[in-house]
Amino acid sequence: MRVESSGGVPELEDSRWAPRDAGAQGRRRQRQRRPRRGAGAPQPMAAPATAVQRLFEACREVFTGAGPGAVPPPAGVERIKSVLDSITAADVRLTSNMSYFRRVDPHGTPKITYLHLYKCEAFSIGIFCLPSRGVIPLHNHPGMTVFSKLLFGAMHIKSYDWAAAQQDTPDQLQGPHLAKVKVDGILTAPHETLVLYPEDGGNMHCFTAQNACAVLDVLGPPYDDGSGRHCQYYNVASSAISVGSTIVPGGDRYEWLEESEPPRDFYLVGSTYMGPRILDH
């Protein structure tokens, strides 16, 4: 920043008008002997990378290295998961008493808030903020690898994968599709990061908040209708105990899912993320 004097003209010393006394000359010699700051002077230490910056750098290396739409190798998945496991709500400056988590209407369906951190063609990072009883309806993640870290709160998760006989062509079938229940239970923070894959791990899921919840999500690659990654919603049509003439093992649960529009009372709104910024060098 340039600072000017009140008169608008900088005040300059002119040695021609300075008194020629020993004291003044000594002071000038001292000023000349002062070492200048240069390459040899100690430099300030760089601040350590923030948690979200470490996450971004891990995602950039893993997802761009895997190629467009490819599932990252196990080592890459573990690297991103390890970073997410270490992230807390404090790292993104979230607390459960923020306005995102308040129910405006105690009888209506609360809106869900999405905080955008970063997005490119290879991956996206964001946070879903759910007030108590907030619901993210059953939806899919076509051709995507998704990491979900519950930062605080408790939520019911129900997830599905397509039945083996239909995995290859679910979008080509008409009517309900048979899906295997992967998870059906309560998840409470702190908890390890969940990972789902294009055909495994519960690619279709539904979240229901038991209290104020925050979920840090990484999608690789993100939704893109033009690339065939459309977010499709589903309703549960009925349960099934057999598939054709094949009896389903007693330990597995299957249900019929049918495509649907998003529920009319589902409100997802965007808001400004106020935590540490991601630097995309």
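Trainee: Before we start, what kind of model is it, and how are residues numbered?
Mentor: It's a predicted model, where local features need pLDDT of at least 70, side-chain atom pairs count only at pLDDT 80 or more, and totals for chains, interfaces and linings use all residues. Residues are numbered from 1 along each chain as its sequence is written, and side-chain values use heavy atoms, with hydrogens and water left out.

Trainee: OK, how many helices and strands does the protein have?
Mentor: Three helices and 14 strands. Those are DSSP runs numbered from the N terminus: helices are H or I with at least four residues, strands are E with at least two.

Trainee: Is strand S4 mostly covered or uncovered?
Mentor: Covered: S4, residues 145-152, has eight of its eight residues buried. Buried means under 20% relative accessible area, exposed over 50%, and partly exposed in between, with a 1.4 Å probe and protein chains only. For the protein as a whole, 40% of the 281 residues count as buried.

Trainee: Which strands does S4 pair with?
Mentor: S9 (residues 213-220) is one, antiparallel over seven bridges, and S7 (residues 194-196) is another, antiparallel with three bridges. Pairing here needs at least two DSSP bridges between the strands. Phe 152 has Ala 214 in S9 as its bridge partner, while Val 146 stands opposite Leu 196 in S7.

Trainee: Switching topic, how many cavities of 30 Å³ or more are there?
Mentor: One, and the largest cavity holds about 40 Å³ of space. On a 1 Å grid over the protein atoms alone, a cavity is a set of points where a 1.4 Å probe fits but cannot get out, and lining residues have an atom within 4 Å of a point. Grid points are joined across faces, edges and corners, and the volume is the space filled by probe spheres set on the points.

Trainee: Which element gives the most to its lining?
Mentor: S4, with three residues. The residues lining the largest cavity include Ser 148, Lys 149, Leu 150, Met 155 and Ile 157.

Trainee: And where are the cis peptide bonds?
Mentor: One joins Ala 189 and Pro 190, with omega about 0°, and Pro 190 is in the loop between S6 (177-188) and S7. Another joins Gly 220 and Pro 221, omega about -10°; Pro 221 is in the loop between S9 and S10 (233-240).

Trainee: Last one: is Arg 93 buried or exposed?
Mentor: Exposed, because its relative accessibility is 54%. Arg 93 lies in the loop between H3 (74-86) and S1 (112-119), and its phi is near 60°, a positive value in a residue other than glycine.

Technical notes:
On a 1 Å grid over the protein atoms alone, a cavity is a set of points where a 1.4 Å probe fits but cannot get out, and a pocket is an open set with protein on both sides within 12 Å along at least five of seven lines; lining residues have an atom within 4 Å of a point.
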